[in-house]
Amino acid sequence: MQFDEAVKICFSKYADFDGRADRSEFWWFWLFSVLCIGAAEFALGSTVSGVVSLGLMLPSLSCGARRLHDIDFSGWWQLLLLTGIGWFVLMILFVLPTVVVSKYDTR
């Protein structure tokens, strides 16, 4: 999957928490989010960067939930982000390879 295709898919499924997202889709959208937030911070200031972050929050959460479904975990695991150490656990989960048979498979 290419960068532009991943961004289009994530924005077209911005509130779709069902289905699956492969590693490339998740990580390309993650890169897009970091670049957008960084560019907004650098060029326009922290207020605009905060608005961009809020605008990308729902698509990022839905893409993360679909990525977790792809490795056969529930999207609710993203609640670990509310803890201090949970970010590291989720990064490990996000780099795991796709599970071939999943209860979340809706393709």
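Visitor: What should I know about the source and the numbering?
Guide: This is a predicted model, in which local features need pLDDT of at least 70 and side-chain atom pairs count only at pLDDT 80 or more, while totals for chains, interfaces and linings use all residues. Residues are numbered from 1 along each chain as its sequence is written, and side-chain values use heavy atoms, with hydrogens and water left out.

Visitor: How many salt bridges does a search of the whole structure find?
Guide: The search finds 3 salt bridges; the term requires a side-chain nitrogen of Lys or Arg within 4 Å of a carboxyl oxygen of Asp or Glu.

Visitor: Which residues are linked in a network?
Guide: Salt bridges link Arg20, Arg67 and Asp70 in a network. Between Asp70 and Arg20, the closest N and O atoms are 2.7 Å apart. This pair links distant parts of the chain, with Asp70 in helix H3 and Arg20 in the loop between H1 and H2, 50 residues apart. Helices are DSSP runs (H or I, at least four residues), numbered from the N terminus.

Visitor: And how far apart in H3 are Asp70 and Arg67?
Guide: They are 3 residues apart, about one turn of the helix. Their side chains meet in a salt bridge at 2.7 Å, N to O.

Visitor: Is Asp70 buried or exposed?
Guide: Asp70 counts as buried because its relative accessible area is 0%. Buried means under 20% relative accessible area, exposed over 50%, and partly exposed in between, with a 1.4 Å probe and protein chains only. Arg67 is also at 0% and buried, and Arg20 is buried at 10%.

Visitor: Changing topic: which residues does Thr98 touch?
Guide: Not counting residues up to four places away in sequence, Thr98 touches Arg20, Arg67 and Asp70, where contact means heavy atoms within 4.5 Å. Thr98 lies in the segment after helix H4 (86-94) and is partly exposed, at 39% relative accessibility. Its side chain makes a polar contact of 2.7 Å with the side chain of Asp70. A polar contact is a pair of N or O atoms within 3.5 Å; within protein, one must be able to donate a hydrogen and the other to accept it, and residues adjacent in sequence count only if both atoms are side-chain atoms.

Visitor: What about the largest nonpolar core?
Guide: It has 14 residues, and those with the most contacts inside it include Phe29, Phe32, Leu90 and Phe94. Such a core is a set of buried Ala, Val, Leu, Ile, Met, Phe, Trp, Tyr and Cys residues joined through side-chain atoms within 4.5 Å. The largest share of this core, 4 residues, comes from H4.

Key:
Helix = DSSP H or I, 4+ residues; strand = E, 2+ residues; numbered from the N terminus.
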